[in-house]
Amino acid sequence: MTKKSAKIVATIGPASRDIDMIECLSQSGVDVFRLNFSHGSHRDHKQSYDNIRSIEKKSGQPTCILADIQGPKLRLGVFKDSFISIKHYIYIL
């Protein structure tokens, strides 16, 4: 058996968060399940997380979960005057 070098990432959303669909995706070769925190509620993501871990336990195959968090809106919070000007810097290491 050859070891694959590429990983398959599947984004979980409303059409794919139920346990049967996650199991189907896992059996089809998905290595990483992505939870997009820009959409959906924390309750939705918790249910997806629990479903993924349940399938992982059932299959005995390690499964990764990628939590894709929101950008500046989440990290900066709410501002008194509704908005502020932010300078964006890109650092290349």
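Entry 1: I began with K58 and E23, whose side chains form a salt bridge with an N to O distance of 2.9 Å. K58 belongs to helix α2 and E23 to helix α1, so this pair ties together parts that are 35 residues apart in sequence. Please keep in mind that I am reading a predicted model.

Entry 2: How many salt bridges does the structure hold? The count came to four. One of them joins D50 to K46, with the closest N and O atoms 2.8 Å apart. Both sit in helix α2, and because they are four residues apart, about one helical turn separates them. D50 is partly exposed, at 32% relative accessibility. I also found R53 and E56 paired through their side chains, at 3.1 Å from N to O. These two lie in helix α2 as well, three residues apart, which is about one turn of the helix. For R53 I noted a relative accessible area of 27%, so R53 is partly exposed.

**Entry 3: the sheet.** I then traced the strands. They make an open sheet of three, in the order β1-β2-β3, with parallel pairing. β1 and β3 stand at the edges with a single partner strand each, so one side of each has no neighbour in the sheet. From one strand to the next, the twist averages 30 degrees. Helix α2 packs on this sheet and touches β1, β2 and β3; its direction makes about 170 degrees with that of β2.

**Entry 4: β2 and β3 up close.** Strand β2 covers residues 32-36 and β3 covers residues 64-68; the two run parallel and are joined by five bridges. I picked out N36, whose bridge partner in β3 is D68. Together with helix α2 (residues 42-59), the two strands make a β-α-β unit, and that unit is right-handed.

**Entry 5: cysteines.** I looked at C24 anyway, which is partly exposed at 41% relative accessibility. C64 is partly exposed too, with a relative accessible area of 44%.

**Entry 6: a loop proline.** My last stop was P14, in the loop between β1 (9-12) and α1 (19-27). P14 counts as exposed, at 73% relative accessibility. P14 and H39 are 25 residues apart in sequence, and their C-alpha atoms are 9.9 Å apart in space.

Methods
Residues numbered from 1 in each chain as written. Predicted model: local features only at pLDDT ≥ 70, side-chain atom pairs only at ≥ 80, totals over all residues. Heavy atoms only, no water. Pairing = 2+ DSSP bridges. Right-handed = clockwise from strand over helix to strand, strands pointing away. Buried < 20%, exposed > 50% of the residue type's maximum accessible area, 1.4 Å probe, protein only. Axes fitted to C-alpha atoms, helices over the stretch in contact; angles between N-to-C directions. Contact = heavy atoms within 4.5 Å.
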